[in-house]
Amino acid sequence: MRYAAIDIGSNAVRLLIADIIERENEITFNKNTLLRVPLRLGDDAFIHKHISEGKFESMVKTMSAFRNLMDVYKVKDYMACATSAMRDADNGPEVVKACKEVGIDIDIIDGAVEAQIIYNVHSHTAMDKNKVYLYIDVGGGSTEISLFANGELVASRSFNLGTIRILDNQDSPETWDDMKRWVKNITKGHKNIYGIGSGGNINKLSRLANEKADKPISYAKLKALYVYLNSYSLKDRINVLELKQDRADVIIPASEIFLTIMKVGHLKNIVAPRIGLADGIIQTLINKNLKGEKA
């Protein structure tokens, strides 16, 4: 049996097709196919508050292609979620309507729902109830931060601070200050907080640091990597360091967000388990369709 997740982000649109594995007391999934299309809807949404005609058409064509692929893979159920860019675009509902006509139902979700979906997958991994975790998801348009203690979600917030927003100069000093104050307040009184990062940029930073998915990256190592990457021009990050064009620019502001949160929250390390919204969507579908059946 297969489920599919469509993550419509500010930088890229992703399709994840996953094989569902049912054992006696456990339901898990393996990633079968992952397709990423760098539409970069955020450039339109954050500056003009409107998805342009060209990107509108590309979005509909992408969803049509995803629909065909899901049919070929015989996907039993799917869920499509649009985040910050579609939230900001005044014609978001029109895009949703056009995509529905080619067979894809899209939910434009708010930051709180986005955070919950992402953490759905983490809640099914090993979490030490004696440890405190700060979960940080950095996207193109927003950053979701959650604090876990005693195995429970203590606090969660979404901030309009993301990589595309920063590159387009649509971030504000007030939002940075608000985020820093909030992180400082929720982490106050906690010692040895473990950082968990998600999103394409921290995954790439983890790989550049030659770290495995379950191995922590220290604040010092992440800072050194940021300085190293920032010493190259955008062109050289693409040609010399061989970063993808749509990763080479956003990786710098993403590093700045992670480093800021780690510094304010006194996080010594961060782990990148290489999961994201698409993984959370698959877990959400499992919870909806299969967990109830097992109960």
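In the predicted model, the domain assignment divides the chain into domain 1, spanning residues 2–111, and domain 2, spanning residues 126–271. The C-alpha centres of domain 1 and domain 2 are separated by 24 Å. Contact between them involves 14 residues of domain 1 and 15 residues of domain 2.

The size of an interface is often expressed as the accessible area lost when the parts come together. Between domain 1 and domain 2, the buried area amounts to about 1100 Å², with carbon and sulfur atoms contributing 44%. On the side of domain 1, the residues losing the most area to domain 2 are Arg-36, Arg-40 and Phe-46, which together account for 41% of what that side buries.

Three salt bridges are counted between domain 1 and domain 2. Arg-40, which is also among the residues of domain 1 that lose the most area to domain 2, forms a salt bridge with Asp-249, and the closest N and O atoms of this pair lie 2.6 Å apart.

Classified by residue type, the side of domain 1 that touches domain 2 comprises six charged, five polar and three nonpolar residues.

Note on methods:
Residues are numbered from 1 along each chain as its sequence is written. This is a predicted model: local features need pLDDT of at least 70, side-chain atom pairs count only at pLDDT 80 or more; totals for chains, interfaces and linings use all residues. Side-chain values use heavy atoms; hydrogens and water are left out. Domain bounds come from an automatic or database domain assignment. Contact means heavy atoms within 4.5 Å. Buried area is the accessible area (1.4 Å probe) that two parts lose on being put together, summed over both. A salt bridge is a side-chain nitrogen of Lys or Arg within 4 Å of a carboxyl oxygen of Asp or Glu. Ala, Val, Leu, Ile, Met, Phe, Trp, Tyr, Cys and Pro count as nonpolar, Asp, Glu, Lys and Arg as charged, and the others, Gly among them, as polar.
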